[in-house]
Amino acid sequence: MITRTITLLFFCSLYFFCATHPAQAHKVNIFAYIDGSTVYTESYFSDGRAVIEGKIEVADQAKQLLLRGTTDKQGFFTFPLPANKGPLTIVLDAGLGHKNSFTLKPAARE
């Protein structure tokens with residue numbers, strides 16, 4: 001009975017240690033802010049590495065695509081602030097299933 005309990009605890013522990021770490025390893029982040037009439041984005045992986053050549057799409061509140069672009073070697077992408085006053089959704093696709101988005105709300109645009 002003790003051997004069985006120890007074996008069960010071993011496999012449960014192994015499952016929890018192995019199952020939680022890969023999810024964090026694949027996380028990608030995007031942050032955006034406005035300075036003047038320019039929107040600046042910064043994209044990076046959970047370990048701090050910049051997202052190089054990540055695909056960026058910017059859409060308005062009606063999900064209408066406004067523009068596309070690519071992050072540079074530092075993970076940055078900038079674009080002119082659209083005249084549209086609603087929220088902007090900025091989507092980052094860093095490849096291999098690494099995807100995230102950031103919503104730039106109207107209050108941040110004033």
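Guide: Two strands are said to pair if DSSP finds at least two bridges between them. Please keep in mind that this is a predicted model.

Visitor: How do you know that strand β2 pairs with β5?

Guide: Strand β2, residues 38–45, is joined to β5 by five bridges. Pairing requires at least two bridges, so β2 and β5 count as paired, and they run antiparallel. Within this pairing, T38 has P80 in β5 as its bridge partner.

Visitor: What makes β1 and β5 edge strands?

Guide: The open sheet to which they belong has three strands in the order β1-β2-β5, with antiparallel pairing. Strands β1 (28–35) and β5 (76–80) each pair on one side only, and they are the edge strands. From one strand to the next, the twist averages 20°.

Visitor: What is the order of the strands in the open sheet of four?

Guide: The order is β4-β3-β6-β7, and the pairing is antiparallel. Its edge strands are β4 and β7, each of which pairs on one side only. Neighbouring strands of this sheet are turned against each other by 15° on average, with direction ignored.

Visitor: How do you know that strand β3 pairs with strand β6?

Guide: Five bridges join β3, residues 55–59, to β6, residues 88–95. The requirement is at least two bridges, and therefore the two strands are paired, in the antiparallel sense. Here E57 stands opposite V91 in β6.

Visitor: How many bridges link β6 and strand β7?

Guide: Seven bridges link β6 to β7, residues 98–104, and the pairing is antiparallel. G95 stands opposite H98 in β7. The hairpin of β6 and β7 has two residues between the strands, and L96 there takes a positive phi near 50°.

Visitor: Why is T71 called buried?

Guide: The term buried applies under 20% relative accessible area. T71 has a relative accessibility of 3%, so T71 counts as buried. Its place is in the loop between β4 (65–70) and β5. Leaving aside neighbours within four places in sequence, T71 is in contact with several residues, among them S43, I52, F77 and L92.

Visitor: What makes the approach of T71 to V51 a polar contact?

Guide: For a polar contact, the N or O atoms of the pair must lie within 3.5 Å. A polar atom of the T71 side chain lies 2.6 Å from the backbone oxygen of V51, and this distance therefore meets the cut-off. The backbone nitrogen of E53 also lies 3.2 Å from a polar atom of the T71 side chain.

Visitor: Is D60 buried or exposed?

Guide: D60 has a relative accessible area of 13%. Buried means under 20%, so D60 is buried. D60 is placed in the loop between β3 and β4.

Visitor: Which residues does D60 touch?

Guide: Not counting residues up to four places away in sequence, D60 touches L66, N84, P87 and L88. D60 and L88 are 28 residues apart along the chain, while their C-alpha atoms are separated by 4.8 Å.

Notes:
Residues are numbered from 1 along each chain as its sequence is written. This is a predicted model: local features need pLDDT of at least 70, side-chain atom pairs count only at pLDDT 80 or more; totals for chains, interfaces and linings use all residues. Side-chain values use heavy atoms; hydrogens and water are left out. Axes are lines fitted to C-alpha atoms, for helices over the stretch in contact, and angles run from 0 to 180 degrees between N-to-C directions. Buried means under 20% relative accessible area, exposed over 50%, partly exposed in between (1.4 Å probe, protein chains only). A polar contact is a pair of N or O atoms within 3.5 Å; within protein, one must be able to donate a hydrogen and the other to accept it, and residues adjacent in sequence count only if both atoms are side-chain atoms. Contact means heavy atoms within 4.5 Å.
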